[in-house]
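These are my notebook entries on a structure that was new to me. I put down what I looked up, in the order in which I looked it up.

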Amino acid sequence: MKRVVAFLLLIMMWAAAADAQPPFYQGKSITIIVSTKAGDVYDLYPRLVAEFMPKHIPGSPNIIIQNVPGAAGLIGTNQIYNVAKPDGLTFGATYPALYFEQLVRRPEVKFDWTKFIWIGSTINSNSLMYMRADTPYKSIEDVRTASTPPKCGATGVTSSAYYMPKLLEEAFGTKFDVVSGYVAGQDIDLAVERGEVQCRAFTINAFFARVPFITWRKKNFVNVLYQTGSKRDERLKNVPLFNELMDKYKTAEETRQLAKVILAADEFGRPLVFPPGVPADRVNIIRNAFNKTINDPALLAEAKRRRLDIDPATGEELDALAKEVMTATPETVEKVKRLIGK
């Protein structure tokens, strides 16, 4: 009997000691590697999350941002996957279309899209294309029939600024002169103001989130030629949907399948990811904290003040989507290769 009592006491003491241990994240710092330069909208979202997330993580760790720009997010994303320790103290904000690079087997890709541990996304990033209003290109039809193609600026092949003009060419018979190599979207916008290029494809939420677009809209400096998504954005009531244009121009079924794979990038939005190997308990802590953060009334109020739309996806949803896009048929992969210049 004494042995039983002693054994029970030991169990109780062990449980009490376990309960007394501080949370894993207490006294620690988390780093978010952001795959673009500071000030880009891809940077603004993780910074917003970093402000409000600590209070939702047991132990309230500090969160810092490390910007690693270049190659449309590829440099920073390779770093997240290969350099960051899988200890739960580093995660990344990556570009949503980098799976294109893996689909076409580019040697620069040093990650497996399906093996990232997906934390969540702040926004579903439907896209648009703006065009300088002082050009003759007022509609997609104008681009189709133009003798000289408009110049669109882009960063790399997995930025919507590059692949959307190419997809328009496939789907509608338009022609664009895509000028790539800009470091970030802000650099393209400056080039548009200087007249080096006339157009850029990028996300709707970025277009309504910051300058120079707020000023541009007031001055009617640009027009919008199309928008992606299943329903029209209320702020773009007279702008045609991409799907409507496919119906208008009788886009072939194989090109529609290509569009389905390409436009899945919209659903990834602004994803946050862990590298492979992070312990499951820490993944659960951060996923739960993200879900609480993105529904925090204080964050939602601040997002509204900063003109940042919020339309979140969970880590589980992104994980399923990652597996789906990486099972594209060989025929579709060949079309992706042609689209991004493989």
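Entry 1, Arg-307. I began with the exposure of Arg-307 in this predicted model, and I noted a relative accessibility of 44%, so the residue counts as partly exposed, since that label covers values between 20% and 50%. I then looked up its place in the chain, which is the loop between α13 (297-305) and β11 (313-314).

Is Leu-308 buried or exposed? I found a relative accessible area of 5% for Leu-308, and because buried means under 20%, this residue counts as buried. When I set aside its neighbours within four places in sequence, I listed Leu-44, Tyr-45, Leu-48, Ala-209 and Ala-303 as the residues in contact with Leu-308. I also looked up a separation: Pro-271 is 37 residues away from Leu-308 along the chain, and the C-alpha atoms of the two are separated by 15 Å.

I next turned to Thr-293, whose place is in helix α12 (residues 280-294). Its relative accessible area is 1%, and I therefore wrote it down as buried. Which residues is Thr-293 in contact with, leaving aside its neighbours within four places in sequence? I found Val-49, Phe-52, Met-53, His-56 and Leu-299.

I looked for another positive phi in a residue other than glycine and noted Lys-250, where phi is near 50°. This lysine is found in the loop between α10 (242-248) and α11, and I recorded Lys-250 as exposed, because its relative accessible area is 70% and exposed means over 50%. In the loop between α8 (204-207) and α9 (213-219) I came to Pro-212. The peptide bond that leads from Val-211 to Pro-212 is cis, and I noted its omega as near 10°.

I then took up a pair of helices, α6 (residues 160-172) and α11 (residues 253-268), whose axes come within 10 Å and cross at roughly 165°. Angles over 145 degrees count as roughly antiparallel, and I therefore describe α6 and α11 in that way. As for handedness, α6 passes α11 in a left-handed crossing. On the α6 side I listed Tyr-163, Met-164, Leu-167, Glu-170 and Ala-171, and these meet Thr-255, Leu-258, Ala-259, Ile-262, Leu-263 and Ala-265 in α11. Sorting the residues of this contact between α6 and α11, I counted 9 nonpolar, 1 polar and 1 charged.

Last, I looked up the overall figures, and I noted 15 helices and 11 strands in the chain. The C-alpha trace spans about 95 × 45 × 30 Å along its principal axes. Of the 342 residues in the chain, buried residues make up 54%. I put the accessible surface of the chain at about 15,600 Å², of which 53% belongs to carbon and sulfur atoms. For contacts between residues at least 6 apart in sequence, I found that 78% join residues at least 24 apart.

Technical notes:
Residues numbered from 1 in each chain as written. Predicted model: local features only at pLDDT ≥ 70, side-chain atom pairs only at ≥ 80, totals over all residues. Heavy atoms only, no water. Axes fitted to C-alpha atoms, helices over the stretch in contact; angles between N-to-C directions. Helix = DSSP H or I, 4+ residues; strand = E, 2+ residues; numbered from the N terminus. Parallel < 35°, antiparallel > 145°, perpendicular 65-115°, else oblique. Left-handed = near helix turned anticlockwise from the far one by under 90°. Contact = heavy atoms within 4.5 Å. Nonpolar A, V, L, I, M, F, W, Y, C, P; charged D, E, K, R; others polar. Buried < 20%, exposed > 50% of the residue type's maximum accessible area, 1.4 Å probe, protein only. Areas by Shrake-Rupley, 256 points an atom, 1.4 Å probe, with all protein chains shown as cover.
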